[in-house]
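Visitor: I have not seen this structure before. Could you take me through how to read it?

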Number of protein chains: 2
Amino acid sequence: MPQFLLPEPMRAALNLAKAAGDAGEVPVGAVVVKDGVIIAEGHNRPRESRDPTAHAEIVAIRAAAAKLGNERLDGCDLYVTLEPCAMCAGAIAHARIARLYYGADDPKGGAVVHGPRVLSQPTIHHRPDIYDGIGAGEAADLLRTFFAARR
Amino acid sequence: MPQFLLPEPMRAALNLAKAAGDAGEVPVGAVVVKDGVIIAEGHNRPRESRDPTAHAEIVAIRAAAAKLGNERLDGCDLYVTLEPCAMCAGAIAHARIARLYYGADDPKGGAVVHGPRVLSQPTIHHRPDIYDGIGAGEAADLLRTFFAARR
């Protein structure tokens, strides 16, 4: 099989997703990139953190804002292995993320191209550029394997 | 003028909103109630915290989950002075909040009865009972005064 190359930040997000799954959390990972450098990362960990808001995107965004000392991540990009939910899509808008790259679609919980389509609402105060499908196969495989092992 | 009485948790949320405004943050407050007792509170503080996710509801939900040692706030109610945004509505669903009481409507940023209507989507995994308008006048006055002073 050919080796498909992925942008390095999505590779890092997939590695974080795998780490989440190994820790018993739903395998989703995210990184924040500024000027081509990963400045913050996160994986899904609501159980470990006992925090219902601890999705990969929220963890990474909070870490990036703390690192930059600014609630606005102007010019930063977010890479996440799964289509963000409503909570995370809202956080992405609040953080003023410039570009959102996500892997697998999430017809059930996703809120970018599914359900409430948070970032496409006329009332949204900031809309990042959105790129989907990058690393989608690998991201979906991680989730499928995780849930199959728990059935 | 007659004195209109408010449920005590909404009175507490309004006091938190006022404290936020006094600190230069958009005046929104929230409390989490379990078995009739306030177990956690929060006010809007993204600037102070340098955290774009630090809305009143998120701060209160995270504090409640930390206090209970559980990512799910089963049987807990959330009182917030303003209609939650998409991020906060998503967090309310993730936290399994039983009843949501909010004050003023937010046609611009609200995501309960406006915009993406996150909690009304067929894909939503948990839908709290929702009560609106409680303390709405006072909540809206705080916001109006805050923004008027900044124009």
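**Reading the sheet and the interface**

Guide: Start with one pair of residues: Tyr102(A) stands opposite Asp132(A) in β5(A). Keep in mind that this is a predicted model.

Visitor: In which sense do β4 of chain A and β5(A) pair, parallel or antiparallel?

Guide: They pair in the parallel sense, over four bridges, with β4 covering residues 99–104 of chain A.

Visitor: What is the order of the strands in the sheet of chain A?

Guide: The order is β2-β1-β3-β4-β5 in chain A; the sheet is open, has five strands and shows mixed pairing.

Visitor: Which strands does helix α3 of chain A touch?

Guide: Helix α3 (residues 56–68) of chain A packs on the sheet and touches β1 (29–34), β2 and β3 (77–82) of chain A. The direction of α3 makes about 140° with that of β2(A). Helix α5 (residues 136–150) of chain A lies across β3 and β4 of chain A, at about 55° to β4(A).

Visitor: How is the sheet of chain B arranged?

Guide: Chain B has an open sheet of five strands in the order β2-β1-β3-β4-β5, with mixed pairing. Its edge strands are β2 (37–43) and β5 (129–132) of chain B. Within chain B, strand β1 (residues 29–34) and strand β3 (residues 77–82) pair in the antiparallel sense over four bridges. Ala30(B) stands opposite Val80(B) in β3(B). Helix α1 (residues 8–22) of chain B packs on the sheet, touching β1, β2, β3 and β4 (99–104) of chain B.

Visitor: How should I read the interface between the chains?

Guide: The size of an interface is often given as the accessible area lost when the parts come together. Between chain A and chain B the buried area is about 2,300 Å², and carbon and sulfur atoms give 63% of it. In chain A, Pro52(A), Arg62(A) and Glu71(A) lose the most area to chain B, together 26% of what that side buries. The contact involves 29 residues of chain A and 29 residues of chain B.

Visitor: How many salt bridges does the rule find across the interface of chain A and chain B?

Guide: The rule finds two. In one salt bridge, the side chains of Asp51(A) and Arg62(B) meet at 2.8 Å, N to O. On the side of chain A that touches chain B, α2 (46–49), α3 and α4 (86–94) of chain A each supply at least two residues. By class, that side has 14 nonpolar, nine polar and six charged residues.

Methods:
Residues are numbered from 1 along each chain as its sequence is written. Chains are lettered from A and ligands numbered from 1 in the order in which they are written. This is a predicted model: local features need pLDDT of at least 70, side-chain atom pairs count only at pLDDT 80 or more; totals for chains, interfaces and linings use all residues. Side-chain values use heavy atoms; hydrogens and water are left out. Two strands pair if DSSP finds at least two bridges between them. Contact means heavy atoms within 4.5 Å. Axes are lines fitted to C-alpha atoms, for helices over the stretch in contact, and angles run from 0 to 180 degrees between N-to-C directions. Buried area is the accessible area (1.4 Å probe) that two parts lose on being put together, summed over both. A salt bridge is a side-chain nitrogen of Lys or Arg within 4 Å of a carboxyl oxygen of Asp or Glu. Ala, Val, Leu, Ile, Met, Phe, Trp, Tyr, Cys and Pro count as nonpolar, Asp, Glu, Lys and Arg as charged, and the others, Gly among them, as polar.
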